[in-house]
Amino acid sequence: LQENEVLIRYLDHASFAIVTPDGTVAVTDYTGYLGTRDVVPDVVTMNNVHSTHWTAAPDPRIPEILRGWPTNGIAAQHRLDLGSMLVRNVTTDTRGPFGEGALKDGNSIFIFEVAGLCIGHLSHLHQIPSEAQYAAIGRLDVVMVPVDGGYTMRLEDMAGVVRRLRSSVVIPMHWFSQASLQAFLAEMSS
């Protein structure tokens, strides 16, 4: 990579590797799966929704593991400076199955500032962010957005969030069928 480049590689479902020019590696929504190569990321982020967004047994060689859910009733709060990458989070509430059992601050939007870009991973976003949350997120150059249309948010609402973030690059993720992906793409093009 050149000095002002970043590599974003899709791994699976909602997991991406983000690599800086100096070789720093971050993995989003880390589940323990990184492919067939023995890679040890410098930092991983996880969200406590289900097995496709976290693992109870992360590789012990990973130096920084950022959990996106509350611990002992205290919201996750991260601001990790790795030199070539700054990783921070903004929490959002989640809901339980069938819309029940809300968990305050149960999801984290992780933001990776690298190579002059702000890259956001919405993870398992269940709510339209508040004005304060939008302000804390800031403008994202690249956003990874769940487009399942039901487990997270309605596609119309998710498209509204993406439009509000004004990202130049939108990477759909967390989709289970071509239908929801195509519906999101159609919604974004209108």
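Trainee: In this predicted model, how many residues of strand β10 (residues 142-146) are buried?

Mentor: Burial is read here as under 20% relative accessible area. By that criterion, five of the five residues of β10 are buried, and the strand is mostly covered.

Trainee: In which sense does β10 pair with strand β9 (residues 117-121)?

Mentor: Strands of a sheet pair through backbone hydrogen bonds, in either a parallel or an antiparallel manner. Here, β9 and β10 pair in the parallel sense over three bridges, and Ile119 has Val142 of β10 as its bridge partner. Together with helix α1 (residues 131-137), these two strands make a right-handed β-α-β unit.

Trainee: Through which helix does the chain cross from β10 to β11?

Mentor: The chain passes through helix α2 (residues 155-165), and this β-α-β crossover is right-handed. Strand β11 (residues 169-173) pairs with β10 in the parallel sense over five bridges, with Val145 opposite Pro172 of β11.

Trainee: What is the strand order in the open sheet of five strands?

Mentor: The order is β1-β2-β3-β4-β5, with mixed pairing. At the edges stand β1 (7-12) and β5 (64-67); each has a single partner strand, so one side of each lacks a neighbour in the sheet. On average, neighbouring strands of this sheet are turned by 15° against each other, direction ignored.

Trainee: How many bridges join β1 to strand β2 (residues 15-19)?

Mentor: Five bridges join the two strands, which run antiparallel. Within this pairing, Ile8 stands opposite Ile18 in β2.

Methods. Residues numbered from 1 in each chain as written. Predicted model: local features only at pLDDT ≥ 70, side-chain atom pairs only at ≥ 80, totals over all residues. Heavy atoms only, no water. Buried < 20%, exposed > 50% of the residue type's maximum accessible area, 1.4 Å probe, protein only. Helix = DSSP H or I, 4+ residues; strand = E, 2+ residues; numbered from the N terminus. Pairing = 2+ DSSP bridges. Right-handed = clockwise from strand over helix to strand, strands pointing away. Axes fitted to C-alpha atoms, helices over the stretch in contact; angles between N-to-C directions.
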